[in-house]
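Please look over the chain shown below with attention to one helix and to the aromatic side chains. The report takes these topics in turn.

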Amino acid sequence: MSNYILSCCSTADLDQQHFNKRDIKYVCFHFEIDGVSYMDDLGQSIPFKEFYSRMAAGSMTKTSQISVGEYIEYFEQFLKEGKDIIHLSLSSGISGTLNSATIARDQLKEKYPERKLYVVDSLAASAGYGLLMDKLADLRDEGKDIDEIYSWVIEHRLECQHWFFVSDLKYLVRGGRVSKVAGAIGNVLNICPLMNVDYQGHLIVRAKVRGKSAVMKAQVEKMAELAKNGTDYDGECFISNSDCYDDARAVADMIEARFPKLKGRVKIFSIGTTIGSHTGPGTVALFFWGKQRID
């Protein structure tokens, strides 16, 4: 057993079984739906299907990040046990949670000067963030110490590729990422924007694709273009989805046919309530290891 903790936020969008299996600890964001507050606890408070059904029916959602006090309480349980911690936060290009975790770290360093507590910007989101944590678990299990893990993630975090689409632009309009006019026109024309996470961890629209079938194929083409070793890619591939499993499975089937050397089958997860509050139902996100993000 290692003498340090691998830690992240619930926004890594892995399921409870996967977190437990890989011994990855997490701290929960918060969300509101119709004015009632809940923990973003991997669908325990509100099942994902219910959450997205209520969004589709018009329920309003809002999210809030983890407070400094919550981070202190969360980190301290491990520090008291004599454990060091490496914590990866949700991308600073999406959330300010990195700042809260950093403040908590600085306060705890005074109380536990003998312990190591690394706080790292993942520059990642959803199951791309999860894919990064999964790789760190591999490295830990290979015997890497906490300093080696820290050096590796700083060097390689931008190699985690994120490509996703949304089926209904109204949620991006609500979040201010798409104008009302562009959203209205896009929905009429059945536009499904193909987006990614850039080198600064921001969500960026890369292409405006007409039709769901076409944007799914565009996702797979991006993987063929950017994955390590192209269609000979032999790493892991994760997909997350917001109550559209059939669409996610269709993309996974195309990938498994196109990339015969994959490390196991594509793993499909649910987009959690924090990320899903901003993307809405009908989102499929694809994650793999590839060329470093440079723009």
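Which residues of α3 are buried? In this predicted model, the buried residues of α3 are Y71, I72, Y74, F75, E76, F78 and L79. Helix α3 itself covers residues 68–79, and its 12 residues reach 16 Å from the first C-alpha to the last, which is close to the 16 Å expected at 1.5 Å a residue. The buried residues of this helix pack against the strands β1 (4–9), β2 (25–27), β6 (84–89) and β7 (117–121), and also against helix α4 (97–111).

Turning to the aromatic side chains, the structure holds 11 aromatic pairs. Among them, Y74 and F75 have ring centres 5.6 Å apart and planes at 50°, so this pair is tilted. The rings of W152 and W289, with centres 5.8 Å apart and planes at 75°, form a pair that is edge-to-face. This second pair links distant parts of the chain, since W152 lies in helix α6 (residues 146–156) and W289 in strand β13 (residues 284–289), 137 residues apart.

| Residue | Relative accessibility | Class |
|---|---|---|
| Y74 | 7% | buried |
| F75 | 0% | buried |
| W152 | 19% | buried |
| W289 | 9% | buried |

Because buried means under 20% relative accessible area, W152 at 19% counts as buried. Elsewhere among the aromatic residues, F31, Y38, F51 and Y52 form one aromatic cluster.

Technical notes: Residues are numbered from 1 along each chain as its sequence is written. This is a predicted model: local features need pLDDT of at least 70, side-chain atom pairs count only at pLDDT 80 or more; totals for chains, interfaces and linings use all residues. Side-chain values use heavy atoms; hydrogens and water are left out. Helices (H or I, at least four residues) and strands (E, at least two) are DSSP runs, numbered from the N terminus. The expected span of a helix is 1.5 Å times one less than its number of residues. Buried means under 20% relative accessible area, exposed over 50%, partly exposed in between (1.4 Å probe, protein chains only). Contact means heavy atoms within 4.5 Å. Rings of Phe, Tyr and Trp (its six-membered ring) pair if their centres lie within 6.5 Å; planes under 30 degrees apart count as stacked, over 60 as edge-to-face and the rest as tilted.
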